[in-house]
Amino acid sequence: MRNKIILMTILVMLAEILRQQAFWYDALMIAVAVIGGVPIIIGAWKALRYRIISIELLVSTAVIGAVILGEFNEAGIVAWLFCLGEVLQNLILSRTQSAIRKLTEMVPDKALLLKDIDDDEPEEVSLSEIRQDDLLLVRAGDRIPADGTVVKGFGKANQANLTGEEEAVFKDCGKEVFAGTILEDGMLVISVSRVGSGTVFGRIIELVEDAEDSKPRVQKMIDRFAKYYTPAVFILALAVGIVLKNAELGITILVLGCPGALVIGIPVSLAAGIGRMAQENILIKGASTIESLSKIDALAFDKTGTLTVGRLQVEEMVWKRDDRSLLKAIESRSSHPLAGAIVTALEDVDSGGHDVSGMVTVPGKGIEAVVDGKKVRAGSAKFVGKPDFSMKSTGKSRVYLSVDGEVTGGLAIGSCLRDDAVNAIERLRRNGIRKIVLLSGDNQEAVDRIAEDVGISEGYGELMPDQKVEKINELRQEGFKVGFVGDGINDGPALALAHVGIAIGSGTDVALDVADAVLMTSELTKLDDAWAFAGRIEANMKENIVIAVLTVVILLLGLVFGYIHMGSGMLVHEASILLVILNGMRLLGRKLI
């Protein structure tokens, strides 16, 4: 396309030089019309075969009509300007894909494949040849080519581009690694669990691409408008040509009535805005999320892993009977955040000799299992049973243990606020979020303490997942546009019900599947960034609509009063397309707030 537009531009310049020589001038402009017009006509014909009346059809009719009327200069200028607009559009729009390209480049296209875990002569293969359960060698300085589990070796992986963690994370046997992250030192052998689009990184890339391809409500309205508008322009042009017996004016109406800026304005704003947010590790799953996110005025927060950091620790233990090994036996099989803290606190306790079976997780309550023939429960007092002993710690999450119905021990587990939690809540409230609440499955005392520390006036504790949903429903019934912020692990129903579900964390499966937006770096201040920038994207789309509509109105009025003709009108038309593209591109260079 670039070579073609260069050739057409040279021919147009030669034609202007030879304007006084009618034969050569017309011949050169016919050549320009043919070079540029034939592909436009072919595109219009292909669209017509699928019953689509496209902009190319309007331009094609204008070019053919101008040639029939002998207006070779008009035919050439129309074809040249239309092709020039396409080249500029593609050139500028390609910049909006930079975020996706940068993500894609983070995953290598080669990998070192091992025959077995002790193989010392790896084979370099294409990433497309890697399959699940293959063994890969990763050396210091390499980018990890696939998601997997370490089966041999140890080292430190830099996961900043995925999780936002500033410090490299130690990896050894049993630890999970992610495609696109960098092994800073050491050497690993990993067993592949996911490759290509199935990896966390691959799914992130798909999310960004899908979001840029999706259409917001306003774009769908414009599509419906264009469906009727284009035939209307044809009818108007035909009527003018027949009634006024002015074919040239009719053809001019066809060209200048093309709503080019209206068609391109919304997609370029979305592509630039979503791409800019992706650069800041804010993933938007669809164009409709931009509209919803810009309108929210209430936020509900989960506590553990969201307002508080994931590093939990046991701060107090009380035992009537030493059943620590039983507790460790079942907690070591759980993926709940509290379980990790408990297992860490009991690391010196041997739990390997117990027979554990029938383990069940009860959401919002705890876990139960049969251990050595005894019914063992660990969880809240409501689930386990009321203890007959007291604990000193206040404002902490409490986990009790019961064996065959008798409560034999309890633990108090504390977590600290994220460093930016207070600042994030303050910014959200200052910038227009009218209501902020805390919803948690933790005990009310712990919830009240965190709510007070972070500056939230309403905190609700001891909530089951369905009770969180009820609270969100109450906010919706009060007329709020509600966003729910959770860690994406056990907040699926709440994330799905809110007007906008926002997962904060390192891209867990639930977060990517259920949430409308994902904050990959776990920075709470990104919430205000995302909310404010969504509003700017909305405003940018509306600005482009205004520019497009005003252009069509000005051109048609100019035609009526004789100030606009084919050449000058086409120039204004293409300039309006370039203007909306440049306006959308402003989003790429802007700070989020």
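Analyst: Happy to. Leaving out residues up to four places away in sequence, Ser191 touches Asp133, Asp134, Leu135, Asp147, Gly148, Thr149 and Val151, where contact means heavy atoms within 4.5 Å. This is a predicted model, so local features need pLDDT of at least 70 and side-chain atom pairs count only at pLDDT 80 or more, while totals for chains, interfaces and linings use all residues. Residues are numbered from 1 along each chain as its sequence is written, and side-chain values use heavy atoms, with hydrogens and water left out.

User: Is Ser191 buried or exposed?

Analyst: Buried means under 20% relative accessible area, exposed over 50%, and partly exposed in between (1.4 Å probe, protein chains only). Ser191 has 18%, so it counts as buried. It lies in strand S7 (residues 182-194); helices (H or I, at least four residues) and strands (E, at least two) are DSSP runs, numbered from the N terminus.

User: And which residues does Ala79 contact?

Analyst: Beyond its neighbours within four places in sequence, Ala79 meets Met8, Val32, Ala33, Gly36, Gly37, Ile40 and Val63. Ala79 is part of helix H4 (residues 72-93) and is buried, at 0% relative accessible area. Its C-alpha atom is 9.2 Å from that of Met8, 71 residues away along the chain.

User: Which residues have the most contacts inside the largest nonpolar core?

Analyst: A nonpolar core is a set of buried Ala, Val, Leu, Ile, Met, Phe, Trp, Tyr and Cys residues joined through side-chain atoms within 4.5 Å. The largest one has 53 residues, and Phe301, Leu307 and Ile456 have the most contacts inside it. Apart from it lies another core of 27 residues, including Met8 and Val32.

User: How is empty space found?

Analyst: Rolling a probe the size of a water molecule over the atoms shows where space is left. On a 1 Å grid over the protein atoms alone, a pocket is an open set of points where a 1.4 Å probe fits, with protein on both sides within 12 Å along at least five of seven lines; lining residues have an atom within 4 Å of a point. The second largest pocket has 43 lining residues, with His336, Gly364, Lys365, Gly366 and Gly441 nearest its centre. Among the elements giving two or more residues to this lining are helix H14 (337-345) and strand S12 (366-371).
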